[in-house]
Amino acid sequence: MAVPDSLQRAALCAAAIALALLLSPGAAVAADASATRTVASPSAATPAKINATAGGHASASSAAKGIGDITVPITDMKGVPLANAVVYAKPRQGAVPAARASAMKIDQVDREFVPLVSVAQTGVAVSFPNTDDVEHDVYSFSPAKRFQLPLYSGTPSHPVIFDKPGLVVLGCNIHDSMVAFVLVVDTPYFAKTGADGIATLAGLPAGEYVLTVWHHALRDAQHLPTQALPAGVHTAPAFALAVDVH
Ligand SMILES: [Cu+2]
């Protein structure tokens, strides 16, 4: 690319401003849907220089408001990092910010739901595109959201609104092996671990929080592990979960 440096910079700056606008008023849309994915995908898809610019802008304005990122390591009982674990934070004092419209997608690819695990704030609109060349029949019997999308291909015209907090387990009436999990939480502060077992809660206002962790293989799903996160702490002590994953 023989683009002059000044031009490139202008383009990057415009991109950063566009990102900032996108992330402001109704913004939580993408951010709420999946903090992990929102943060991770630009880095994967775009040159490092753009990340540096966008990230720089974001953290500068974040610092001014006393907002910070919290990293939460999650392992099994042997200390092995756990992927696909979910952590969410609720402030110990004060109200949780009201839910804003958010949306996300759970795809069906090669007779599997993708992703296996999602987390979103209550009220999220979930679309279920079917990318396979076979039809699927998506359903949930979970109390937090009962629904069925009768046998279909392509993308259903309306998303499904997950309007109550709780765990929603998805299945397909045709393919018994298909399963996916959506944890719906009453807070905009949540994240999912990657392969390194680290979840990053982005942009938390300063204050004390209670962190709660969930994993689909937890032996006791009724009593989720929690811990208090004192103000000013940016790396939570590791959670070690009793799970059957191996
Ligand atoms: Cu199916």
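Analyst: Let's start with the nonpolar core: a set of buried Ala, Val, Leu, Ile, Met, Phe, Trp, Tyr and Cys residues joined through C-beta atoms within 7 Å. A residue is buried if 20 or more other C-beta atoms lie within 10 Å of its own, exposed if 12 or fewer, and partly exposed in between, with C-beta atoms placed from the backbone. This is a predicted model, where local features need pLDDT of at least 70 and side-chain atom pairs count only at pLDDT 80 or more, while totals for chains, interfaces and linings use all residues. Residues are numbered from 1 along each chain as its sequence is written.

User: Which residues touch the most other members of the largest nonpolar core?

Analyst: Val72, Ile74, Val86, Val87, Val182 and Val213 do, in a core of 44 residues. Strand 12 (residues 179-185) gives the most to this core, six residues. Strands here are DSSP runs of E, at least two residues, numbered from the N terminus.

User: What does valine 72 touch?

Analyst: A contact means two C-beta atoms, placed from the backbone, within 7 Å. Leaving out residues up to four places away in sequence, valine 72 touches Val87, Ala199, Leu201, Leu211, Ala236 and Phe239.

User: Where is pLDDT under 50?

Analyst: pLDDT is the predictor's confidence in each residue, from 0 to 100. Where it is low, the predicted coordinates should not be read in detail. Here it stays under 50 over residues 1-64. The chain's mean is 79, and 72% of its residues reach 70 or more.

User: In what order do the three strands of the open sheet come?

Analyst: Two strands pair if DSSP finds at least two bridges between them. The order is 3-7-10, with mixed pairing. Strand 3 (103-105) and strand 10 (160-162) stand at the edges with a single partner strand each, so one side of each has no neighbour in the sheet. Strand 7 (residues 124-127) pairs with strand 10 in the antiparallel sense over three bridges; valine 126 has valine 160 of strand 10 as its bridge partner.

Technical notes
Helix = DSSP H or I, 4+ residues; strand = E, 2+ residues; numbered from the N terminus.
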